[in-house]
Amino acid sequence: MLDNVYKVLMIGDSNVGKSSVLKRYTDCYFEPRNDTPTIGVDYRMKQYTTQDKRSVRLCIWDTAGQERFRGLTHSYYRNVNAIVMVYDVSCRNSFENLQNTWLREIKLYTHGCRYSTLVVCNKMDIEKHAVSAAQGIEFAESIGALFFECSAKSNHNITDAFESLAELLLLQDIPPPKSLSITKHCDRRSHCRC
Ligand SMILES: Nc1nc2c(ncn2[C@@H]2O[C@H](COP(=O)(O)OP(=O)(O)OP(=O)(O)O)[C@@H](O)[C@H]2O)c(=O)[nH]1
Ligand SMILES: [Mg+2]
């Protein structure tokens with residue numbers, strides 16, 4: 001039986017790997033050299049069962065990082081339960097933009113709803129790091145967020161990051177959004193348990 005359904009939003013600059021992180025989590029695959037940016041928004045879901053047998057469904061909206069889609073993605077902040085902020089460890093700008101652009105978007109468009117935050121430092125498989133772990137942790141702590149260093153490519157920490165978020169949502173007992181229509185949107189089902 002399903003205990004809760006949570007609406008999760010993924011944000012961050014274009015090319016940081018939001019879609020890759022999500023596909024790795026829900027569908028267990030990574031497409032190398034896939035340079036097709038997200039157009040508008042994409043959607044995926046995955047169910048997670050905790051050790052004490054509670055089942056939650058994460059309905060995850062993957063937004064386009066490109067500025068030209070910004071107007072379209074604003075409405076997806078409504079009634080979110082969790083926000084996943086992604087940056088690319090090899091791209092300093094993508095980290096700084098979380099603090100400048102993306103935090104501002106959150107403040108403007110969540111309209112005061114209560115949500116949890118996860119900061120994902122992606123592409124940890126790349127040797128050259130433009131942001132240190134300490135800087136990532138400091139930023140996450142400053143906004144009360146979970147922090148995970150991940151790689152969609154090598155599948156490092158991806159599942160742990162989302163499962164920790166799900167555990168946190170249950171712990172904080174954030175009510176699922178009233179307006180979330182499961183049947184309307186949950187068209188891509190995944191039963192992958194990796
Ligand atoms: N080395 C490495 N490359 C990655 C990783 N994750 C994603 N990429 C690559 O980074 C590029 C961009 O990935 P996407 O997942 O499309 O990025 P995005 O953030 O969804 O971009 P938008 O949809 O434009 O917002 C692609 O070429 C991916 O293959 C990773 O963990 N390691
Ligand atoms: Mg994308």
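**View 1. Helix H1 and the shell of ligand 1.** Helix H1, residues 18–27, supplies the largest share of the shell around ligand 1, namely 3 residues, in what is a predicted model. Altogether 23 residues surround ligand 1, and the closest of these are Ser 14, Gly 17, Pro 37, Thr 38 and Gly 65. Sorted by class, the shell consists of 11 polar, 6 nonpolar and 6 charged residues.

View 2. Why can H1 be described as largely enclosed by the rest of the structure? The description holds because 9 of the 10 residues of H1 are buried, and these are Lys 18, Ser 19, Ser 20, Val 21, Leu 22, Lys 23, Arg 24, Tyr 25 and Thr 26. After H1 comes Cys 28, which has a positive phi near 60°.

View 3. Strand E3 is mostly covered, with 7 of its 9 residues buried. E1 and E3 run parallel and are joined by 8 bridges, and in E3 it is Trp 61 that stands opposite Leu 9. The pairing of E2 with E3 is antiparallel and extends over 9 bridges, with Val 41 standing opposite Thr 63 of E3. The hairpin formed by E2 and E3 has 5 residues between the strands, and Lys 53 in this hairpin adopts a positive phi near 65°.

**View 4. Leu 58 in strand E3.** Leu 58 lies in strand E3, and the residue counts as buried because 24 other C-beta atoms lie within 10 Å, where 20 or more are required. When neighbours within four places in sequence are left aside, Leu 58 is in contact with Tyr 6, Val 8, Met 45, Lys 46, Tyr 48, Phe 162 and Ala 166. Leu 9 is 49 residues away from Leu 58 along the chain, and the C-alpha atoms of the two are separated by 10.0 Å.

**View 5. Val 120 and the largest nonpolar core.** In soluble globular proteins, nonpolar side chains tend to be buried together. The largest nonpolar core of this model has 45 residues, and Leu 58 and Val 120 are the members that touch the most others. Which residues does Val 120 touch, not counting those up to four places away in sequence? They are Val 21, Val 84, Val 86, Phe 148, Cys 150 and Ala 161, and Val 21 is also one of the buried residues of H1.

**View 6. The whole chain and the confidence of the prediction.** The protein chain contains 6 helices and 6 strands, which follow one another from the N terminus in the order β-α-β-β-α-β-α-β-α-β-α-α. Of its 194 residues, 36% count as buried, and among contacts between residues at least 6 apart in sequence, 78% join residues at least 24 apart. The mean pLDDT of the chain is 90, and 89% of the residues reach 70 or more. Over residues 180–194, however, the pLDDT is below 50, although this stretch has 20 contacts in the model beyond near neighbours in sequence.

Technical notes:
Residues are numbered from 1 along each chain as its sequence is written. Chains are lettered from A and ligands numbered from 1 in the order in which they are written. This is a predicted model: local features need pLDDT of at least 70, side-chain atom pairs count only at pLDDT 80 or more; totals for chains, interfaces and linings use all residues. A residue is near a molecule or strand if its C-beta atom, placed from the backbone, lies within 6 Å of it. Helices (H or I, at least four residues) and strands (E, at least two) are DSSP runs, numbered from the N terminus. Ala, Val, Leu, Ile, Met, Phe, Trp, Tyr, Cys and Pro count as nonpolar, Asp, Glu, Lys and Arg as charged, and the others, Gly among them, as polar. A residue is buried if 20 or more other C-beta atoms lie within 10 Å of its own, exposed if 12 or fewer, and partly exposed in between; C-beta atoms are placed from the backbone. Two residues are in contact if their C-beta atoms, placed from the backbone, lie within 7 Å. A nonpolar core is a set of buried Ala, Val, Leu, Ile, Met, Phe, Trp, Tyr and Cys residues joined through C-beta atoms within 7 Å. pLDDT is the predictor's confidence in each residue, from 0 to 100. Two strands pair if DSSP finds at least two bridges between them.
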